[in-house]
Structures are given as structure tokens and as C-alpha cells.
Amino acid sequence: MAFWRSYPRNLKVLLIAMIINSTGMAFLWPLHTIYITQSMGRTLSEAGFVLMLHSAAEIFGSLLGGYLY
């Protein structure tokens with residue numbers, strides 16, 4: 001844990017917040033899949049494709065946000 005103490009407090013808070021955010025989004029993926037397939041009447045392939053596009057948009061948004069910052 002010595003390496004953890006060497007980081008600034010702001011970075012620690014950011015890392016913990018990112019872990020919480022990623023975990024929360026991972027819990028929502030199955031719910032989105034069920035909603036897309038059951039309520040909207042789409043196939044699992046279409047639901048998976050939509051979730052893939054969402055993940056790609058998150059990656060692009062993170063890179064763009066980091067660049068703009």
C-alpha cells in the first residue's frame with residue numbers, strides 16, 4: 001500500500017469515483033438488455049450492439065474530455 005500513499009488526495013478520490021461509476025454502469029447493462037429485449041421487442045444481438053455503441057461512446061467521451069481538460 002506504499003504506492004497508494006504516494007498519490008495526491010485528489011487523484012485518489014478520482015480513482016475511487018471512477019471505480020464506483022464503472023461498477024454502477026456494469027450493474028445497469030443487464031437491466032438495459034432486459035428492457036431492450038422484453039419491452040422493445042428487439043433481439044439480444046441488437047441489444048448487445050446498442051450496449052457496444054454506448055461503451056464506444058463512453059471511451060470516446062472520456063478521451064475527448066481528457067483532451068479538453
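Reader: How many aromatic pairs does the structure hold?
Author: One aromatic pair. Pairing here takes Phe, Tyr and Trp rings (for Trp the six-membered ring) with centres within 6.5 Å; planes under 30 degrees apart are stacked, over 60 edge-to-face, and the rest tilted.

Reader: Which residues form the pair, and how are the planes set?
Author: W4 and Y7, edge-to-face, with 6.5 Å from centre to centre and 75° between the planes.

Reader: What kind of model is this?
Author: A predicted one: local features need pLDDT of at least 70, side-chain atom pairs count only at pLDDT 80 or more, and totals for chains, interfaces and linings use all residues. Numbering starts from 1 along each chain as its sequence is written, and side-chain values use heavy atoms, with hydrogens and water left out.

Reader: Back to the pair. Why does W4 count as partly exposed?
Author: Because its relative accessibility is 26%. Buried means under 20% relative accessible area, exposed over 50%, and partly exposed in between (1.4 Å probe, protein chains only). Y7 counts as partly exposed too, at 37%.

Reader: Now the helices. At what angle do α2 and α3 pack?
Author: About 145°, with the axes 9 Å apart. Axes are lines fitted to C-alpha atoms, for helices over the stretch in contact, and angles run from 0 to 180 degrees between N-to-C directions. Helix α2 covers residues 9–39 and helix α3 residues 44–68. Helices are DSSP runs of H or I with at least four residues, strands are E runs of at least two, and both are numbered from the N terminus.

Reader: Which residues make the contact?
Author: From α2, M25, W29, H32, T33, I36 and T37; from α3, L44, A47, V50, L51, H54, S55 and E58. Contact means heavy atoms within 4.5 Å.

Reader: T37, then. Buried or exposed?
Author: T37 is buried, with 18% relative accessible area. Leaving aside residues up to four places away in sequence, T37 touches R42, T43, L44 and A47.

Reader: Where does UniProt put the transmembrane region?
Author: The unreviewed entry places that feature at residues 12–35 and 47–68. UniProt positions follow the numbering used here, feature names are shortened, and annotations may be inferred rather than shown by experiment.

Reader: What is the helix content of residues 12–35?
Author: Residues 12–35 are 100% helix and 0% strand, with end C-alpha atoms 35 Å apart. Residues 47–68 are also 100% helix and 0% strand, and their end C-alpha atoms lie 31 Å apart.
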